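Thank you all for coming.

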Amino acid sequence: MTSSTQKKLSHLRVIGAASGLGAQDQACADGPLAFHHSQAWHQIERHPLVDWGRTLFAPAADHLSATARIAELCQQLADELELALRDKVFPLVIGGDHSVAIGTWSGVARFAGAPLGLLWIDAHLDSHTPETSYSGAVHGMPLACLLGRGDKRLLNIGLSGAQVSAAHCVVLGARSYEPEELEFLQQQGVRIIDSEEILQRGFAACLEEAGKIVAGAPAGFGVTLDLDVLDPQLAPGVGSPEPDGLGAREIRLALRQLAATSGLRALEIVEYNPDRDRDGLTARLISGLIGEILPAIAGRGGK
């Protein structure tokens, strides 16, 4: 094995998913390119283990509905994730609104050949269906789709049926949601650790429990981070800000620990809205989060 091949086995590939079609405020579509051109990215791209792969866009087809265009993007994104994993690199998806998660985790599940564990770090539950949604926005539906419930065009992209194992799925940090999606996740058996429980038990204890649940999935697990889980004073550039979020130190701790956990297959960071960012604060936060996982990625070299 050549040294260049060994390097390839351990590097991180960033994949942009530039769509805001699932959200009311569609400026998240600009998030991946804005981050790619930011000073925050230019500082980290010099790292020998990091490269930017492709940035994918929803088709600009006027005859297609928003959901149909999201479905096409998710198909492309699933293919890109599967390709990255076959290339033996670690994929990091930068979104885009959270509807792109349907493509990300469908592609990982297809590669793994079985439903995944998934840690969904988010201020929201994102588990509506078209029948229960108040807004009709698809970025409020991706977790339900990954569990096998939703618009048929957004299902079965990776595997037939669920892409995520409900028994190995945890939502961490939720603080704004509707009763219908809470009921759905409870019926499915998904563990929900909301902001109130985090305040009562402490973040470290909640993270430890969540990590054990998702890492117990035989096919491996993933982490999807919606930046709105953070307090908007720390991360103003998000699609749907909610007051009183988690701190940056807590999220950095979470990613550092999870990246070192056996079975992690991919990471996703979504809902970066550059129109709402202040002086690049959120872009720098994203760059810092990438930096947290790089030591663990480097440790995978040759494995």
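Predicted model: local features only at pLDDT ≥ 70, side-chain atom pairs only at ≥ 80, totals over all residues.

Residues are numbered from 1 along each chain as its sequence is written, and side-chain values use heavy atoms, with hydrogens and water left out.

Helices here are DSSP runs of H or I with at least four residues, numbered from the N terminus. The axes of helix H10, residues 248–259, and helix H11, residues 281–298, come within 8 Å and cross at roughly 30 degrees, where axes are lines fitted to C-alpha atoms over the stretch in contact, and angles run from 0 to 180 degrees between N-to-C directions. H10 is therefore roughly parallel to H11, a term for angles under 35 degrees. On the H10 side, the contact (heavy atoms within 4.5 Å) includes Ile 251 and Leu 255, and on the H11 side Leu 289 and Ile 293 are among the residues taking part.

Turning to the largest pocket, about 380 Å³ of space lies there; a pocket is an open set of points on a 1 Å grid over the protein atoms alone, where a 1.4 Å probe fits, with protein on both sides within 12 Å along at least five of seven lines, and lining residues have an atom within 4 Å of a point. The volume is the space filled by probe spheres set on the points, which are joined across faces, edges and corners. Of the 23 lining residues, Gln 24, His 124, Ser 135, His 139 and Gly 140 lie nearest the centre of the pocket.

Conventions
Helix = DSSP H or I, 4+ residues; strand = E, 2+ residues; numbered from the N terminus. Parallel < 35°, antiparallel > 145°, perpendicular 65-115°, else oblique.
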